[in-house]
Amino acid sequence: MRDASRSRVVLGVLLTACVVLLVLDARGGGDPVTKGARTAGAAVFGPVSAAVTTVTGPVSDTYRAALAAPGAREEIEDLKARNSELTRQIGAQERDEGRSGELERLLNLSGLGGYEIVGANAVTHLTPQGYADTVTLDVGTRDGVRRDQTVVNGDGLVGRVVRAGTDTSTVLLLTDGASTVGARLEGSEEIGTISGASRSIAETAPLRFELLDASAKVGKGERIVTLGSHGGAPFVPGVPVGTVEKVEDTPGALSRTAQVAPVVDVSALDIVGVVVAGPKEDPRDAVLPPKPGDPKEKDGKEKAGKKQTAAEKKAAADRKKASEEDAPAEDGPAADAESDRPRDPDGSGEDR
Amino acid sequence: MKRGFAAIGLLIAAVLVQTALVDRLPLPWGVAPDLVILVVVAIALSGTSAAGAFAGFCGGLAVDVLPPADHEIGRYALLLCLAGYAVGSLRESNGRSWLWPLGVAAGATLAVCLGFAFIGMVLGDPRVGLGAVAVVVPATLLMTMVLSPFVLYPALWLLRRMDHDEFAAIGDAPWLSRGVAR
């Protein structure tokens, strides 16, 4: 009996400690105790994960190669025995080639946008219990990485740094349910927010784009770039985010939403860059790659809309450049637009 | 004493393997098997409820602190601590089949997963919704249970062996001696 009561005391003490930690950490604002604990954790994790990377590099490459071809799985079964020997030899070489290509694309993107970046490797892909979409990078405050910096790869936006340790940093991916990014439609002034959709059974795109203007024209295939935040933190302007996949037309809704496919394959991140200094001026749509094919042919309506915007684009860009010197904060224009909308008479939206 | 060291060693190994190795595997559904729960269950099954609670607290806290965890520190520690205590108190009844540890592990995993989601909802975590829970909880449970025989039985055997010379005659549970070849 003494034993039982003693263990109840132990349980009580431990649970109290847990609750105290939970409350301290949930309060936000970087409590020194939990911050110190995380710093210590990052310090331990850095060397361990570096060692594991060295050991498991070739193994994970083989696994990824096998996973990439689900259609050819039967064939793989037959060839596996012969293949594994060759794959092991080629693995190291392929890895180097692929990575140099990725690095080149990343440098190209940062050159177009005028971003100053620090290159990094994505180390982990999963989180405890699997709700959060975060990855760890092998760079930290020692390399100049700070909290609230934009993370990109060769294709576009990856996410933002939420925590930076000495040697590692944690990145909240843009597909995470808690992530929201201010965004703008390519070639227009239509702005909105892109938020990650949390994991769900229903088959939906991983991102949702919510336009602040309910009467704005959006079409499938239009591309989206970041709007940029005040002072370039957490998001620098002009980074490609995604492509509109499906427009949800809900009559009477205050804002228009669309499902968006991200340009970055967040499940296969390897080399990424942390933007440590933003561009001097907004690169607008300069970072977007040229459109493949010519989607304007498909839709007459869209064609007309596009031509108009193309003509307006230059003037608008010049006009905007001047006005955006006082960089709008992420929710600045959002709040304005939302408060303006209900006051507008219904017809005003149709004139556009 | 020897068993205490063995338990600490197992726990450290589980946390490191979980965060450094398992979490980087590109597994389906974006969830991973939970080794730490399994090791805590093994420690609690072969020890007292206080030992289980303590092991759960330490293991959970380590997972809370190590990157890339993005939840409040203490959330996982609280649940694993409770799970360790509950499993530790179960242990008294004898005459279980050798499948008993697996059942306990499944129950503990399910409870911890649901508890994690529940605390998330209470704290207003925008990522925890009904749809997400419906994917994450069954997937985690399935993966953990697939892995559990390969973690539970070796861990139990090791812990059992460590105190064999001290308490050889006490509480010799049949599922321990029958399930594992000596």
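1. In the largest nonpolar core, a set of 75 residues, Val39(B), Val41(B) and Leu80(B) touch the most other members. Such a core joins buried Ala, Val, Leu, Ile, Met, Phe, Trp, Tyr and Cys residues through C-beta atoms within 7 Å; buried means that 20 or more other C-beta atoms, placed from the backbone, lie within 10 Å of a residue's own. Elements of both chains give two or more residues to this core, including H1 (2–26) and H2 (32–67) of chain A and H4 (75–90) of chain B. H6(B) supplies the largest share, 12 residues.

2. This is a predicted model: local features need pLDDT of at least 70, side-chain atom pairs count only at pLDDT 80 or more, and totals for chains, interfaces and linings use all residues. Residues are numbered from 1 along each chain as its sequence is written, while chains are lettered from A and ligands numbered from 1 in the order in which they are written.

3. Chain B has 7 helices and 0 strands, helices being DSSP runs (H or I) of at least four residues and strands runs (E) of at least two, numbered from the N terminus. Of its 182 residues, 55% count as buried.

4. The axes of H1(B) and H2(B), lines fitted to C-alpha atoms over the stretch in contact, come within 8 Å and cross at roughly 170 degrees. H1(B) is therefore roughly antiparallel to H2(B), the term for angles over 145 degrees.

Key
Buried ≥ 20, exposed ≤ 12 C-beta atoms within 10 Å, placed from the backbone. Axes fitted to C-alpha atoms, helices over the stretch in contact; angles between N-to-C directions. Parallel < 35°, antiparallel > 145°, perpendicular 65-115°, else oblique.
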